[in-house]
Amino acid sequence: MTQEQDDPLWNTAWNWVQRAHDQDSFDDAARAQMTAWLVADAAHRRAYDKAARLWLLAGFVPPANDFGDGEEPSDTDTDPDTAAPPAGQ
């Protein structure tokens, strides 16, 4: 486990970031609760800002196996001029 996972403040901030991005369930009441939590302590805001940056950065990182069209690349998808040589060469 990472240090953040053991930190209740981080966990709460991360949960708020996730909830804020769920348009179906993040209503005015949830927004008011989050705002109250944020203004209750400067540490809350710092943790939320850190979690929000992580959320944003994670959105720019494609999944490890994301090939765009839902299919794995084949040998014919590789440009022979830029392909790495086979192992052992």
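Helices H2 and H3 pack with their axes 5 Å apart and at an angle of about 115°, where helices are DSSP runs of H or I with at least four residues, strands are runs of E with at least two, and both are numbered from the N terminus. The axes are lines fitted to C-alpha atoms, for helices over the stretch in contact, and the angles run from 0 to 180 degrees between N-to-C directions. Met34, Trp37, Leu38 and Ala40 of H2 make the contact with His44, Arg45 and Tyr48 of H3, contact being defined as heavy atoms within 4.5 Å. By class, this contact of H2 with H3 has five nonpolar, one polar and one charged residues, with Ala, Val, Leu, Ile, Met, Phe, Trp, Tyr, Cys and Pro counted as nonpolar, Asp, Glu, Lys and Arg as charged, and the others, Gly among them, as polar.

The model is predicted, so that local features need pLDDT of at least 70 and side-chain atom pairs count only at pLDDT 80 or more, while totals for chains, interfaces and linings use all residues. Residues are numbered from 1 along each chain as its sequence is written, and side-chain values use heavy atoms, with hydrogens and water left out.

| Helix pair | Axis distance | Angle |
|---|---|---|
| H1 and H2 | within 11 Å | roughly 150° |
| H2 and H3 | 5 Å | about 115° |
| H1 and H3 | within 8 Å | roughly 55° |

The axes of H1 and H2 cross at roughly 150°, which makes H1 roughly antiparallel to H2; angles under 35 degrees count as roughly parallel, over 145 as roughly antiparallel, 65 to 115 as roughly perpendicular and the rest as oblique. The crossing of H1 and H2 is left-handed, a term used if the near helix is turned anticlockwise from the far one by less than a right angle, with right-handed used if it is turned clockwise. On the H1 side the contact involves Leu9, Thr12, Ala13, Trp16, Arg19 and Ala20, and on the H2 side Ala30, Gln33, Met34 and Trp37.

The axes of H1 and H3 cross at roughly 55°, and H1 is therefore oblique to H3. H1 passes H3 in a right-handed crossing, and the residues that meet there include Leu9, Trp10 and Ala13 in H1 and His44, Ala47 and Tyr48 in H3. The residues of this contact of H1 with H3 divide into 14 nonpolar, two polar and one charged.

Alanine 47, in helix H3, counts as buried because its relative accessibility is 11%, buried meaning under 20% relative accessible area, exposed over 50% and partly exposed in between (1.4 Å probe, protein chains only). Its C-alpha atom is separated by 5.8 Å from that of tryptophan 10, 37 residues apart along the chain. Histidine 44, also in H3, counts as buried at 15% relative accessibility, and, not counting residues up to four places away in sequence, histidine 44 touches Leu9, Trp37 and Leu38.

The largest nonpolar core has 13 residues, of which Ala13, Trp16, Phe26, Met34, Trp37 and Tyr48 touch the most other members; such a core is a set of buried Ala, Val, Leu, Ile, Met, Phe, Trp, Tyr and Cys residues joined through side-chain atoms within 4.5 Å. Helices H1 (8-20), H2 (28-40) and H3 (42-60) each supply at least two residues of this core, and the largest share, five residues, comes from H1.
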